[in-house]
Amino acid sequence: MHIKKPTLDDLLREVYARLLGSIDSAGGRGLTWSRGEGVEEVGVLLELTNPRARLSATETRGRIFSPLGELCWYLSGSDQLEHITYYLPVYKNESEDKKTVRGAYGPRFRGNGAGGGHGVNQLEKVIERLKGKATTKRAVIVLLEPRDFEQDYKEIPCTVSLQFLIRNERLHMITSMRSNDAYFGLPHDIFCFTMIQELIARSIGVKLGGYKHFVGSLHLYNDKKADAERYLAEGWQSTAHSMPSMPMGCQMSGVADFLGIEQKIRSGELTQPEDIKLNTYWKDLAVLLMAYAWSKDRIKKNKLDELSSHINANAYKQYLRIKIKNNNNLIKEKSKQLSLL
């Protein structure tokens, strides 16, 4: 299967339609894995021609908070369970020791800690290779290693490698996945990896090229069938929905500052948008993280709309509106339950 589209929503619509068709033809059965039954497509190539169109514009899949939090976890080099479960509680099922995630990508990217990378900062090495030789075929980040198969661990990296190629003065990226959950994992992976693609493109001073995402087993679990159907029922979405471009020039110092702000927001040390001292691009993303933090606070979650004026890019404001709507629906549901007591 090869699907080439300009936006994430265009890709997801075709992927879900095909996988749902496979579930129907299998009579609701299919293959059985450790996480349940489902269906798969084998050897799938997904091509996103506009990597900045990395977010869904829909109500059901229009999420930025959890993939942005996961990106921060990756770029910080962390393998700490507490860090990622703040954004994605599902990770609690992937820890061997209830403290760390063995398959965490961060240490493998950054080469720090016991999680992998063997002391090599693969992000820096890729940038170095691309700067040294524009035609190189060796600008590759490897995330899956032979040692991951030594035992039957709870989780190992689904991503095998990320390759970066400068062709026609644009940075193209090819991701190789051994496995990808089409409903949960795929949108997160495309978001995180295309953000890294753009970071590297800015660092080496070339334009953003296309993004290719190759998957050995692209699967949809049966318990996500109804969710995928709801997504398709929302109908056509605008292909004009894209994130703003990153500022020109190397962004690594900006990323470091942004990660410092993220840590302070997550720990509760920084609680007001006026105290975020970043350029417009990174400040917008930090305000979104603050909105997520406020949504966890009993009082501040009722004031999320106050953050809208601190977000410059209109493309992000819809995600704040979705968060407010979801919070209001949750409050109404709790009130309804209390009234029945």
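Mentor: In this predicted model, a residue is called buried under 20% relative accessible area, exposed over 50%, and partly exposed in between.

Trainee: How does C250 count, as buried, exposed or partly exposed?

Mentor: The relative accessibility of C250 comes to 45%. Because buried means under 20% and exposed means over 50%, a value in between has its own class, and C250 therefore counts as partly exposed.

Trainee: How far is the sulfur of C250 from the closest cysteine sulfur?

Mentor: A disulfide is a covalent bond between the sulfur atoms of two cysteines, and the cut-off used for such a pair is 2.5 Å. For C250 the closest cysteine sulfur belongs to C72, and it is too far for a bond, the separation being 17 Å.

Trainee: How many disulfides does the structure hold?

Mentor: The structure as a whole holds zero disulfides. C158, to take another cysteine, is in no disulfide, with the nearest cysteine sulfur, that of C192, 13 Å away.

Trainee: In which helix does L289 lie, and is L289 buried or exposed?

Mentor: L289 lies within residues 280-295, the span of helix α9.

Trainee: Which residues is L289 in contact with, leaving aside its neighbours within four places in sequence?

Mentor: I261, which is 28 residues from L289 in sequence, has its C-alpha 9.4 Å from that of L289. The contacts of L289, with those sequence neighbours left aside, include F258, E262 and I265. The list also holds L68, G69, C72 and Y87.

Trainee: Where is the place of R102, and is R102 buried or exposed?

Mentor: R102 is found between α3 (81-85) and α4 (106-110), in the loop that lies there. Although Y153 is 51 residues away along the chain, the C-alpha atoms of R102 and Y153 are separated by 8.4 Å. With a relative accessible area of 18%, and because buried means under 20%, this loop residue R102 is buried.

Technical notes: Residues are numbered from 1 along each chain as its sequence is written. This is a predicted model: local features need pLDDT of at least 70, side-chain atom pairs count only at pLDDT 80 or more; totals for chains, interfaces and linings use all residues. Side-chain values use heavy atoms; hydrogens and water are left out. Buried means under 20% relative accessible area, exposed over 50%, partly exposed in between (1.4 Å probe, protein chains only). Helices (H or I, at least four residues) and strands (E, at least two) are DSSP runs, numbered from the N terminus. Contact means heavy atoms within 4.5 Å.
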